[in-house]
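Colleague: I would like to go through this model one feature at a time. Please give the general idea, then the case here.

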Amino acid sequence: MFSKETYIDRRAELKKLVKDGIIIIFGNNESPVNSPANGYSPFRQDSSFLYYFGQKREGLVGVIDIDENKETLIGNDIDIEDIVWFGSVDTVKELGEQVGVMHSAPMKELKTICSNAMRSGRKIHFLPPYRSDIKIQIFDLIGIHPNQQKESASLDLINAIVKMRSVKTAEEIEELERAAIIGYKMHTTAMRLTKPGLTEKFVAGNVDGVANSYGSMVSFPTIFSQHGEIMHGNPSMAELKDGRLVLCDCGGETINHYCSDNTRTFPVNGKYTQRQLDIYNVVVEAHDAVLELAKPGIKYADVHFAICRIIFNRMKELGLAKGDTDAAIAAGAHAMFLPHGLGHMMGMDVHDMEALGQIYVGFDEETRPNLEQFGTNCLRMGRRLQEGFVVTDEPGIYFIPALIDEWREKKHCSEYLNFDKLDAYKDFGGIRLEDDILITKDGCRFIGKDRIPYLPKDVEAYMNA
Ligand SMILES: [Mn+2]
């Protein structure tokens, strides 16, 4: 947790931005795995609740009455039965005081607060809920059916929170640097362990253990797969095979829930083949080019398309693509190789604030998403960069057999792609490299003091040390 003043200042700024009404920010509740008392562990608090109220306990709700300038932390104190099992914990009143909230109340008070506000026609601001229990809670409190809650969520509140959480302060950047250290340990553990004969799951399980050991948990389910062409390939019981590449995309959260998110793709046997290097080096070039391009005032969508041009030009040199590069990109031909966006915001959520709606986080009035074109419709971040933004830089090149077959059959972008050559790559897999960058005053820099090895010679040296 940061100092009490951090949370007081954040709520003061939020009140200024939202202007009037009552803001309700729901903390998360325990989420059962297979019985009520056996919850997913560790418990994960909602990130916006953490941002404004700092407390990690389940079953809390933060209320900010802007008109009356009154802040209340809502929650039930635990009784002696719970103390026997879980030990003594601070009261809700104490939890509130620790973050500068002067009032507290039991959960049943929340119904009264909402009913009074509705009776006097005041605006109740809430965020789009993503957990079913919170949807039921909102239905019970305000009477809005879960099907209508996303549309009824407060745009003023969403915009205010996006504005605040997008720009990372010095103390948040320190947390992200700490998360990067955990990410470094996770990735180098994977590189050290990987060898033919082990299962994907064995390595991925050890990687997850590193996140649990140094922080609170993984920042998203670890991707560890020899099928790198599957964007979110879960680690399977498949045996790691000599000659294959394995893609590892993972990150850890600090105790204060700030994330890291990195990807490396390395040879199972510790040595890249020339065919693998031909593709790998293009991803390196694209990954490094972002460092030159990303700076305040530049649209991240423009950086994305600059990277698409690099990739498409190199694919032409390898004989996999053809034709005019700009026309090919306008037609979406590059998505054969890179069907996702260059990156996303990162902070307390790995895809930062995604639950608030990607369109509010990654786009604005000036920069609108293209929802029509395959690949381009996956851009999570398009708008102009500002100092203090943290985004990921994650280009990739993939050979997806089903996509090659589908486009060939439909003759989609056939003037820009050499399908016969592509067929020979159906057994290749996919390569992605990812690091997290902080936008600085006049450019950008990687987060993390130590680079996880990514140049081929460094990866090979690390794996064979
Ligand atoms: Mn990512």
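**Domains, a helix and a strand**

Modeller: The C-alpha centres of domain 1 and domain 2 lie 34 Å apart. This is a predicted model, where local features need pLDDT of at least 70, side-chain atom pairs count only at pLDDT 80 or more, and totals for chains, interfaces and linings use all residues. Residues are numbered from 1 along each chain as its sequence is written.

Colleague: Which residues belong to domain 1 and domain 2?

Modeller: Domain bounds come from an automatic or database domain assignment. Domain 1 covers 4-166 and domain 2 covers 170-464.

Colleague: How many residues of domain 1 are in contact with domain 2?

Modeller: Two residues are in contact if their C-beta atoms, placed from the backbone, lie within 7 Å. By that rule, 16 residues of domain 1 are in contact with 16 residues of domain 2. On the domain 1 side, H2 and H8 are the elements that give two or more residues, and H8 gives the most, with 6 residues. Helices (H or I, at least four residues) and strands (E, at least two) are DSSP runs, numbered from the N terminus.

Colleague: What span should helix H8 have?

Modeller: The expected span of a helix is 1.5 Å times one less than its number of residues. For the 12 residues of H8 (residues 155-166) that gives 16 Å, and the end C-alpha atoms are 16 Å apart, which agrees.

Colleague: Which residues of H8 are buried?

Modeller: A residue is buried if 20 or more other C-beta atoms lie within 10 Å of its own, exposed if 12 or fewer, and partly exposed in between, with C-beta atoms placed from the backbone. In H8 the buried ones are Leu157, Ile158, Ala160, Ile161 and Arg165. They fall within an arc of 165° seen down the axis of H8, so they line one face of the helix; the arc is that of the directions from the helix axis to the C-beta atoms. An α-helix has 3.6 residues a turn, so residues three or four places apart point the same way. The partners of the buried residues of H8 include helix H1 (4-18) and helix H14 (358-362).

Colleague: Why is strand S16 largely enclosed?

Modeller: In S16 (residues 435-439), 5 of the 5 residues are buried, so the rest of the structure largely encloses the strand. Asp435, Ile437 and Ile439 point one way, Asp436 and Leu438 the other.

Colleague: Which strands pair with S16?

Modeller: Two strands pair if DSSP finds at least two bridges between them. Strand S13 (residues 390-393) runs antiparallel to S16, joined by 4 bridges, and Val390 has Leu438 as its bridge partner. S16 also pairs with S17 (residues 444-446) in the antiparallel sense over 3 bridges. S16 and S17 form a hairpin with 4 residues between them.
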